[in-house]
Amino acid sequence: MTLPPIAFVGLGAIGAPMAAHLAPGGRLTVWNRTGSVAERFADRHEARVAATPRDAAAGADIVLTCLPTSREVEAVLDGPEGLLAGLHRGALLIDCTSGDPASSRRIAARLAERGIGFVDAPVSGGTNGAEAGTLAVMVGGDAAEFARARPVLERFGGRIEHVGPVGAGHALKSVNNALLAVNILAAGQGLAALVKAGVPAATALQVVNASSGRSFVTESLIPERVLTGAWPVTFRLALLAKDVGIARGLLRDTGVEGPLLEQAGELMDRARAALGEEADYLEAIRLIERQAGVEIRG
């Protein structure tokens with residue numbers, strides 16, 4: 001299926017490979033805050049580089065944003081060179097940012113006043129999933145806008161779910177990432193204790209992964225990145241801590257008690273403060289190692 005003219009805003013670690021799946025056919029325009037990143041992308045793919053967000057949106061029927069937080073999405077909307085100045089009536093904005101539900105609803109309302117559609121469509125699956133085109137995409141919005149968005153999302157998504165009204169996608173993504181944080185913290189703490197008790201980390205993981213305590217963290221992340229000492233930077237700890245904060249807010253807003261997620265959020269905030277803004281999310285385990293005086297290695 002031939003896609004309409006598309007603009008993609010935000011060529012980060014996840015955004016760039018997502019945009020690459022939309023490039024064939026030459027109907028893609030890209031914009032990135034650091035212009036050299038967009039230029040390098042265009043050197044490798046069929047894409048035009050826009051000078052401003054307004055320029056990117058001006059010729060596009062569909063605009064995708066993939067930015068660190070909802071704050072950046074709202075910032076790139078505004079001003080004489082912002083997306084709102086270029087978006088035409090009848091266009092659709094697909095926000096793939098791991099944002100927050102309240103901001104999504106506010107953005108959708110602003111766009112609706114101008115006759116512009118909106119869906120929040122955060123993704124999960126990491127850089128590997130983005131490169132392979134197998135991301136899970138959680139979409140919030142009305143059914144008609146979801147139907148418009150789906151052919152675009154199918155270019156980089158393996159599982160695409162319409163999960164509810166505007167904001168529902170961001171709500172689900174925040175809870176998903178909060179559960180990821182809980183798994184990282186719990187696995188790191190448990191393995192640190194086992195190593196100190198004389199159980200090799202690799203042996204412990206083999207048993208856990210054949211038992212009921214297994215998870216994506218124990219089956220893939222720790223064996224590939226912690227036991228090997230690789231520690232690649234694929235997703236910033238600061239962004240995971242932000243997502244846990246959104247999930248904590250969701251629980252408070254819905255009146256659900258969440259002491260476990262509250263504590264996970266506090267621990268992630270401490271790890272962020274101790275390890276810095278550029279640390280990878282899995283490096284929360286490094287802080288556990290440091291505090292325990294042990295290394296979790298294969």
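Start by selecting Glu-262, which is partly exposed, with a relative accessible area of 22%. For that word and its neighbours, the cut-offs are these: buried is under 20% relative accessible area, exposed is over 50%, and partly exposed lies in between, using a 1.4 Å probe and protein chains only.

A note before you click on: this is a predicted model, so local features need pLDDT of at least 70, side-chain atom pairs count only at pLDDT 80 or more, and totals for chains, interfaces and linings use all residues. Residues are numbered from 1 along each chain as its sequence is written, and side-chain values use heavy atoms, with hydrogens and water left out.

Is Arg-248 buried or exposed? Arg-248 is buried, at 14% relative accessible area. Draw a distance between the two side chains: Glu-262 and Arg-248 form a salt bridge, and their closest N and O atoms are 2.9 Å apart. That term means a side-chain nitrogen of Lys or Arg within 4 Å of a carboxyl oxygen of Asp or Glu. The pair ties together distant parts of the chain, as Glu-262 belongs to helix 13 (residues 259-275) and Arg-248 to helix 12 (residues 237-254), 14 residues apart. Helices here are DSSP runs of H or I with at least four residues (strands: E, at least two), numbered from the N terminus.

Keep Arg-248 and pick Asp-269 next. These two side chains also meet in a salt bridge, at 3.6 Å from N to O. Again helix 12 is linked to helix 13, this time across 21 residues. Asp-269 is partly exposed, with a relative accessible area of 36%.

Next, jump to Glu-289 and Arg-297. Their side chains form a salt bridge too, 3.1 Å from N to O. Glu-289 counts as buried at 6% relative accessibility, while Arg-297 is partly exposed at 27%.

Last stop: Trp-231. Look for it in the loop between helix 11 (216-226) and helix 12.
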